[in-house]
Amino acid sequence: MGPGPPAAGAGAPPRPLSLAARLSYAMGHFLNDLCASMWFTYLLLYLHSVRAYSSRGAGLLLLLGQVADGLCTPLVGYEADRAAGRCARCGPRKAWHLVGTTCVLLSFPFIFSPCLGCGATTPEWAALLYYGPFIVIFQFGWAATQIAHLSLIPELITNDHEKVELTALRYAFTVVANITVYGAAWLLLHLQASPHMGPTQDISDQLGVQDVPVFRNLSLLVVGIGAIFSLLFHLGTREGRKQLVEEPDEHSPLLAPTTARPLLLWKHWLRQPSFYQVGLLYMSTRLIVNLSQTYMAMYLTYSLNLPKKFIATIPLVMYLSGFFSSFLMNPINKWIGRNMTYFVGLLVILAFAAWVALADGLGVAVYAAAVLLGMGCATILVTSLAMTADLIGPHTQSGAFVYGAMSFSDKVANGLAVMVIQSLYPCSSELCCGACVGFYHWVMVAVTGGVAVAATLFLCSLLIWPIRLRSCEL
């Protein structure tokens, strides 16, 4: 009697994801993207210019959030990998995603709302202490959602070009989330300013305590929209629940093939040079994207002295340009490859930094500069995520740890960079003195052009030593 037909699907190439499945997956990070847009763009501005906390106090809260996120990220990644196969109903990645989403929904609105029980005489340290627990809970939830979502990419697909396409679609939803936040911020600021006429109009053009309801309502809108998209993700995405040890059946060979791939654990990644190469490049990418997003509002408000509506319109232009350029990532990657695509993005960012450094006042040209920055950030972010997926390859059982470790480095680096910049703030007794005009101007140059130079060096290491995993004793 013959050995019988092979098990269903054995040896067959994996079927590509349907459009509905790809869209459903891309929705899973929408809540995180909405919250991250507010966090990086408006947190310092809200705490410093609206709530009138000191520059160092505002930076300390952002540092607390980044450190909490950085510490939680690799732990969540490790636990998500360790839980593989234990959650029979929805899969370990989606289970962690659900936990993270719940934490974000319950904590984020409190960060952009006035301190409950605080008055005019409440010391600043007490108010900062109030916000601390909400920030830690939010960052834990954000980390859990991010790592669970990222680690699903190698689980769902294996084709290199499909990885780029799915990553680009994920980034397209990130851009849509940012567009949603900035569009809603512009609308809320516009509605707030509409009743002001005559001599009070100049006051309404500057940020102040009167803008507290704007940021509170924006945070509530963010969690409401994000909750809907998270629900659609859980309804439409099926996690491939791979068993670590498959039960043999009547069609299983008696001897395992000698070409079986060894199991790559978290400790083995620490011995791989490519792990550190990709990690440094990813950290540099996130520094450029997040720090430019964080200080763009400060640059527009204090260096260019633009009305407060520009803190919504300029980031909106940035992310619209990023949105359209993200759809070009897959054909460009096929044409010139990962490394050269990333290098093109760096050239665009360096062009933005040179423009800002050499121009005394941008005026209307600030829109064109925003287009450059948006295109450059979209290019390097999509490509760096695709490089990380390339690094993981078929070793999806420890993919969450890799994404967690990458994210840990970028979160801590971002928090420390913000704290250093805030500590160098030249004005001590007022929100902005004459020195802060040039200060934020050169901060924008440094966080884009300066970090882009460092990223170029890390990219050169990948050109010399391409991404590959060395064989080691497992």
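# Chatting through a predicted model

Modeller: Let's open with a helix pair: helix α11 (residues 273-303) packs with helix α13 (residues 329-358) at an angle of about 30°, their axes 13 Å apart. Helices here are DSSP runs of H or I with at least four residues, numbered from the N terminus. Axes are lines fitted to C-alpha atoms over the stretch in contact, and angles run from 0 to 180 degrees between N-to-C directions.

Colleague: Roughly parallel or roughly antiparallel, α11 and α13?

Modeller: Roughly parallel, since angles under 35 degrees count that way and those over 145 as roughly antiparallel, with 65 to 115 roughly perpendicular and the rest oblique.

Colleague: Where do these coordinates come from, by the way?

Modeller: This is a predicted model, where local features need pLDDT of at least 70 and side-chain atom pairs count only at pLDDT 80 or more, while totals for chains, interfaces and linings use all residues. Residues are numbered from 1 along each chain as its sequence is written, and side-chain values use heavy atoms, leaving out hydrogens and water.

Colleague: OK, salt bridges. How many does the structure hold?

Modeller: There are 3, a salt bridge being a side-chain nitrogen of Lys or Arg within 4 Å of a carboxyl oxygen of Asp or Glu. D69 pairs with K411, their closest N and O atoms 3.7 Å apart. That pair links distant parts of the chain, with D69 in helix α3 and K411 in helix α15 (residues 399-423), 342 residues apart.

Colleague: Are D69 and K411 buried or exposed?

Modeller: Both D69 and K411 are buried. Buried means under 20% relative accessible area, exposed over 50%, and partly exposed in between, using a 1.4 Å probe and protein chains only.

Colleague: What else does K411 meet in a salt bridge?

Modeller: D410, at 3.5 Å from N to O. Shared partners join D69, D410 and K411 into one network.

Colleague: And which residue does K308 bridge to?

Modeller: D211, with the closest N and O atoms 2.8 Å apart. K308 sits in the loop between α11 and α12, D211 in the loop between α8 (201-204) and α9, 97 residues apart.

Colleague: New topic: what's the phi of A52?

Modeller: Near 65°, a positive value in a residue other than glycine. Most residues other than glycine have a negative phi. A52 is in the loop between α2 (30-50) and α3 (55-82), and counts as exposed at 53% relative accessibility.

Colleague: What about N305?

Modeller: N305 also isn't a glycine, and its phi is positive, about 55°. N305 lies in the loop between α11 and α12 (310-326) and is exposed, with a relative accessible area of 58%.

Conventions:
Helix = DSSP H or I, 4+ residues; strand = E, 2+ residues; numbered from the N terminus.
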